[in-house]
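The sequence and structure come next.

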Amino acid sequence: MTNIRTGISAEEIKQAFLDNMHCALARSESVATQQNVYYALALTVRDRLFAHTIGTIGKYGGANARRVAYLSAEYLPGPQLANNLLSLGITEATRDAMQSLGYDLDQIIAEEDEPGLGNGGLGRLASCYMDSLASVEVPAIGYGIRYEFGIFDQVIRDGWQEEITDKWLRQGNAWEIARPGINYRVKFGGHTESSVDEQGRLVMHWIPETEVTGVAYDTPVLGYAVETCNALRLWKAEAVESFDFASFNHGDYYRAVQDKMNSENITKVLYPNDELAVGKELRLKQQYFFSSCSLQDMLRIHASLGGTPADFHEKWAVQLNDTHPAMAVAELMRLLVDEHSLDWDEAWQITRETFAYTNHTLLPEALEKWSVKLFGALLPRHLEIVYEINRRFLEELRANPEIDEAGMARLSLIDESAGRFVRMANLATVGSHAVNGVAELHSALLKQTVLRDFADLWPEKFCNVTNGVTPRRFVALSNPGLTKLITSVIGEGWLKDLNRLRDLEPLAEDAGFQEQWREVKLANKRRLAALIAERTGTKVAPESLFDVLVKRIHEYKRQHLAALHILTLYLRLRNNPGADIPSRTFIFGGKAAPGYFMAKRIIKLINAIGEVVNADPDVRDRLKVVFFPDFNVRNAQFIYPAANLSEQISTAGKEASGTGNMKFALNGALTIGTLDGANVEIREEVGAENFFLFGLTTKEVMILKTGGYRPREYYAQNASLRGVIDFIASGALGRGDKELFRPIVENLLNDDPFFLLADYQAYMDAQERVSTLWRDQRAWTGQSILNTARMGKFSSDRSIRNYCERVWKIRPAK
C-alpha cells in the first residue's frame, strides 16, 4: 500500500515531493525556483523523520527510560538534506525520484544553507554527538539557542578577513518545527525578597525587572540505519508582550515595539562582542536564558511522565558542554528550592547527581568568569545561591586539614584575587558528579593544571572521554569514492562499527588496491582544485602534495609556523632553483574572532605569502599557497577528503583534543603534528612510523617557560630561521610596507608565547621527512591506507558509549 507521507520508494518520494510543492509551497513546477525545489524535497524528507520521531516517543516515552540532555551553546550540524537521506537509506531512491522529474539531486543538495550555530570544534563535536546519540539509540534531547544570525560568513579582501552577516534563516528553515505551545518565562534583574511560609520555612522570591519568553524550535536528528530519532531543541527569545498598544496610540511607535526588540536581541547573534560591558551582559543573558528554558522543559517533561522533582536525577543525565551552560547548576537549585519547595540538602544532592561537566580547554583565560557586580545585577537570586553553595563548600574544606587557605582560595567559586568574579568552571565542577576531559593527554593535564585542586579533592569524579567524529558525514557524505572502495572490499556495516576498518590492513601493500586508493584521492583533489579556482581564482595542480591546515585561527594553533615553513622553501628555491623540493599546494582555512588582532594579521600574512609565491615565475609551479575562504562544514566536506598531509601543529599542552585531526586521518591523510590533544592517541593507533612527529613535549614546554625562554637566541643561531624572519621584516610581503607585519615579527622575537622559534627546526626536519616519503608513492599510499584502517577508535559512536558507561550510567537501547 502506497504511503506518500512516509513511504521510501522512488514513486512515493516523487508523489510526496509534488504534494509539498503544490500544497505546502503553492508552486507549480513551471514557476518553481531551485530554492523551491530544495524546500519541497526537504519537507518530504522531514515527514519521514517525524514519523521516526513519533515512534521514538512511543519507544522511550515510558517513565522508566533515563534520558540524556545535552546542553551546548554551539551546534554546527552542517547541511542536513544529504545526511538525512543517508540516515534514512533513501539516497538512491530520492535521486531516481528527482531524476524522473528532471531534477539533479546533487544540485538540489548544493542549494542548502547550513546553520551557523557554532564557532568551531565545540559546535561540530556537539552535532557529531547528537548524530551518535541517535545512532547508538540513546534517548536524548540537545538543547541550545536558535541564533537568528550565526557565526559570520568570511570573505577575504586584499588579504584581510572581513565579516559578513550570516543570514542562515533568510529562506526559512525546512527542518525545524516551531513549538509555540512549549514556552517558558525567563527573568532578569530586579531584587529578591524573603518570607516565611506556613511551615515556618524561609522562602525566597525573585522580583525581576524584566522577563522574556523562550519558545522551542525542534529539529529531528535521526540515527543512521536505526529507528531512533531524537530532537535538537533550540530556544528563541521573544517578548512577553510583543506590542504595546497604548504607546502606539500615543504616537510613541518606538516604545510600542521596544520590548520586542530588547527581548529578541538575546538570541539575535552567536557570541556578541564581549569586549564592551553591554556585550558581556548579553552573553551572560544568553547563557542563563537557554539554561533556564532547558531545565524548565525537562521538569515539565518529567512531570508529564509521572515523575516528581525528588526523582528528577534518576531520569535525567544532563551534560554541560563546556562552561557556557554552567549557570544551569544554580538554576536547577533555584527551581527545586524556590519553585518546588525542596529543602536545600535534597535539592543539592539531586543537582549534583544530575549534572556532568565536560571541560574543553587548558587555557586559564578561556575558563569563563563573570564579575560579581554584573552577575548580581542580572541574576540576583542566582548570586545568592552561588554564595550559599560556596559557603557550604568552604565549610567542608575547612574540615580538611590538607587544604590550606591558598588552596581554599583556588577552590572557591568566587575569585577575589583581582576584583571579584564568579568562576563558572568551579561552579560546574562542584555542581557535577563527573568531570571529563576530551583526550587522554588533556584529561591528565586537566588534573595537573587548571582543575588540579579539585582532582586532588575528588579524584573519583574525573575521567576521560576522548572526542570522536561521525563517519557518516565525514566519510560517507564527504568522500563517496572512498566509501564505495572500502565497502567493495570489507562489506557493509563499517559505518556503524568503525573498528571494522581494520580489515583494510592486509591490503595496505596490495599494488592493485593502492592504485584504486590513489585514484580516489586524486579525484577528490581535482574536485577541490576546481572549487579553489572558483572561489579564489588560483589554479593548483591536483598531482602536487596537498598540505592542509584548516581550523580556527589562533596563535596557539600556529598557522604562522606553517607560514614560516612555506617561506623557508620559497627562499631555498629562490637561492637554488634546482633544489629537489616536491611540488606542494598549501591550503589554509579558518576564521579569526573579529576582535582578535594577531589572528587576523596571520590571515593577512598567509595571503601576502600567497600573493608573492603564486606570482613568482621561478617557483609558482613548485609551490602554491591558498587561503580557502569561509571554512565551514560544507567546505570541510570537500577539503578533508583531498588532503595528503594534515597539519596538527599546536603548541604541546594547548589543544584539548581536536577533531579535524581525526577527520583528516580517517580520509587517508598522513599527520604532521606535536604530542598535543588527540594527536597522542592518533599516533598510538596508527603507529609512530605512520605519523610525522616533531616539537617540544608538554613537559619540555613547561621547563623552557619556567627557565626563561629567549626566542632571540633561536633566531640568532639558525641561519634559515633568521633569513625567513628578516624577509618578513623587510616589507617584501607588504608591498614595501615594513610596518605591516612588524607586530608578528616583534611578537616572535620578543615573546613567542607559543614557542614557534623553539620548534622551528624540528618542524623543518619533519617536513623533510614528509618530502622524502612523498617521493615514494607506494610507501606513502601504504601509510595512507593504514591511517584510515586504524582510526576505528575515533568514531563519535565510541565516545557516546564511553559517556554511557563512565558518566551517564545509561545502557543504549537495542
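At roughly what angle do the axes of helix H23 and helix H30 cross?

## H23 and H30

The model is predicted. Helix H23 spans residues 597-615 and helix H30 spans residues 742-750; their axes cross at roughly 110° and come within 10 Å. Angles of 65 to 115 degrees count as roughly perpendicular, so H23 is roughly perpendicular to H30. The crossing of H23 and H30 is left-handed.

On the H23 side, the contact is made by Phe597, Met598, Arg601, Ile602 and Leu605. On the H30 side, Pro743, Ile744 and Asn747 take part. By class, the residues of this contact are six nonpolar, one polar and one charged.

## H9 and H11

The axes of helix H9 (residues 277-304) and helix H11 (residues 327-339) cross at roughly 45° and come within 9 Å. That angle makes H9 oblique to H11. The crossing of H9 and H11 is right-handed.

H9 contributes Leu284, Tyr288, Ser291, Ser292, Leu295, Gln296 and Leu299 to the contact. H11 contributes Met327, Ala328, Glu331, Leu332, Arg334 and Leu335. The contact of H9 with H11 has eight nonpolar residues, three polar and two charged.

## H1 and H2

Helix H1 (residues 10-24) and helix H2 (residues 34-60) have axes that come within 8 Å and cross at roughly 120°. H1 and H2 are therefore oblique to each other. The crossing of H1 and H2 is right-handed.

In H1, the residues that meet H2 are Glu12, Ile13, Ala16, Phe17, Asn20, Met21 and Ala24. Their partners in H2 are Asn36, Val37, Ala40, Leu41, Leu43, Thr44, Asp47 and Arg48. The contact of H1 with H2 divides by class into nine nonpolar, three polar and three charged residues.

## Cavities

How many cavities of 30 Å³ or more are there? The count comes to five. The largest cavity has a volume of about 220 Å³. It is lined by 16 residues, and the closest to its centre are Pro77, Gln80, Asn83, Ser127 and Val221. Helix H3 (81-88), helix H6 (121-135) and strand E8 (210-222) are the elements that give two or more residues to this lining. By class, the lining of the largest cavity consists of seven nonpolar, six polar and three charged residues.

The second largest cavity has a volume of about 70 Å³. Its lining consists of Pro77, Gln80, Pro115, Leu117, Trp168, Asn173, Glu176, Thr219, Leu232 and Leu234. Pro77 and Gln80 line the second largest cavity and are also among the residues closest to the centre of the largest cavity. In the lining of the second largest cavity, six residues are nonpolar, three are polar and one is charged.

## The second largest pocket

What is the volume of the second largest pocket? The value is about 750 Å³. The pocket is lined by 31 residues, and Leu362, Pro364, Leu367, Thr449 and Val450 lie nearest its centre.

H27 gives the most, with five residues. The lining of the second largest pocket has 15 nonpolar, six polar and ten charged residues.

Notes
Residues are numbered from 1 along each chain as its sequence is written. This is a predicted model: local features need pLDDT of at least 70, side-chain atom pairs count only at pLDDT 80 or more; totals for chains, interfaces and linings use all residues. Side-chain values use heavy atoms; hydrogens and water are left out. On a 1 Å grid over the protein atoms alone, a cavity is a set of points where a 1.4 Å probe fits but cannot get out, and a pocket is an open set with protein on both sides within 12 Å along at least five of seven lines; lining residues have an atom within 4 Å of a point. Grid points are joined across faces, edges and corners, and a volume is the space filled by probe spheres set on the points. Helices (H or I, at least four residues) and strands (E, at least two) are DSSP runs, numbered from the N terminus. Ala, Val, Leu, Ile, Met, Phe, Trp, Tyr, Cys and Pro count as nonpolar, Asp, Glu, Lys and Arg as charged, and the others, Gly among them, as polar. Axes are lines fitted to C-alpha atoms, for helices over the stretch in contact, and angles run from 0 to 180 degrees between N-to-C directions. Angles under 35 degrees count as roughly parallel, over 145 as roughly antiparallel, 65 to 115 as roughly perpendicular and the rest as oblique. A crossing is left-handed if the near helix is turned anticlockwise from the far one by less than a right angle, and right-handed if clockwise. Contact means heavy atoms within 4.5 Å.
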